[in-house]
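Subject: A structure for you to explore

Hi there,

Here is the structure I promised to pass on to you. Please open it next to this email, and then read my notes below.

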Amino acid sequence: MKLYTKGGDKGRTSLIGGERVRKTDVRVEAYGTADELQANIAYLADKMSHEESLTTYVEDCRWICSKLMTVCSSLAIGSNCEYEIPKISDDDIAHLEGRIDILQSELKPVEYFTIPGGCELASLCHICRTVCRRAERRAIEAAENYEIDHSVLVLLNRLSDYLYALCRTITERLDAEEVLWRP
């Protein structure tokens, strides 16, 4: 089977189930942004793998990437799709919330807004956080027009919180400067 099909040459693509839509469809934009987030988180995990003190978070990122594939498939479902698509479960969300709670319990309370910077890994984590927030906005937009599993929206919302806590944890673990906004 060839990698290219030429089916998208005129600006259309297929959703799961075969529905053909424009590549500018809100569902395509939503799963494309979630895919971009997944790639950025994989890159963050690869970069963190060189730091022994961050091993646990590399494992978290690998788990998150798997869940983002589920998010992408949930966002890519076409009308009248008969395929059974994996779902984000309540346990998945509880797991992510538990990881946030652990990270937050090990951090000093923040008195000012944290802004990107301090070290390369923290900045990369902030990139992931901002792409996650965009992915959430795109998923919300898709959910306003199509039936989207609500757990997708919840996971993306919690994920941006996880990434914020991870940014701060990376800064602390690597003894980097936490850059704070001081208006």
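Let me start with a question: which residue forms a salt bridge with Glu29? The partner is Arg138, with the closest N and O atoms 3.7 Å apart. Glu29 belongs to helix α1 and Arg138 to helix α4, so this pair ties together parts that are 109 residues apart in sequence. By salt bridge I mean a side-chain nitrogen of Lys or Arg within 4 Å of a carboxyl oxygen of Asp or Glu.

Before going on, two notes on where the values come from. This is a predicted model, in which local features need pLDDT of at least 70 and side-chain atom pairs count only at pLDDT 80 or more, while totals for chains, interfaces and linings use all residues. Residues are numbered from 1 along each chain as its sequence is written, and side-chain values use heavy atoms, with hydrogens and water left out.

The overall picture

The chain has 5 helices and 2 strands, and along the sequence they follow the pattern β-β-α-α-α-α-α. Helices (H or I, at least four residues) and strands (E, at least two) are DSSP runs, numbered from the N terminus. Taken along the principal axes, the C-alpha atoms fill a box of roughly 50 × 35 × 30 Å.

Of the 183 residues, 43% count as buried. Here buried means under 20% relative accessible area, exposed means over 50%, and partly exposed is in between (1.4 Å probe, protein chains only). The accessible surface of the chain comes to about 10500 Å², and 49% of that belongs to carbon and sulfur atoms. These areas come from the Shrake-Rupley method with a 1.4 Å probe; for residues, only the protein chains shown count as cover.

Helix α1

Helix α1 covers residues 26-48. The expected span is 1.5 Å times one less than the number of residues.

Arg134 sits in helix α4 and Glu36 in helix α1, so the pair ties together parts that are 98 residues apart in sequence. Are these two side chains buried, exposed or in between? Arg134 is partly exposed, with a relative accessible area of 22%, and Glu36 is partly exposed as well, at 33%.

Glu106 forms a salt bridge with Arg173, the closest N and O atoms being 3.6 Å apart. This pair links distant parts of the chain: Glu106 is in the loop between α3 and α4, and Arg173 is in helix α5 (residues 150-173), 67 residues apart.

A patch on the surface

Phe113, Ile115 and Trp181 form a nonpolar patch on the surface, with about 330 Å² of accessible area together. Patches are made of residues with over 30% relative accessible area and no salt bridge; like charges are joined within 9 Å, and nonpolar side chains (Val, Leu, Ile, Met, Phe, Trp, Tyr) within 5 Å. Ile115 lies in the loop between α3 (90-105) and α4 (120-145), and is partly exposed, with a relative accessible area of 31%.

Enjoy looking around!

Best wishes
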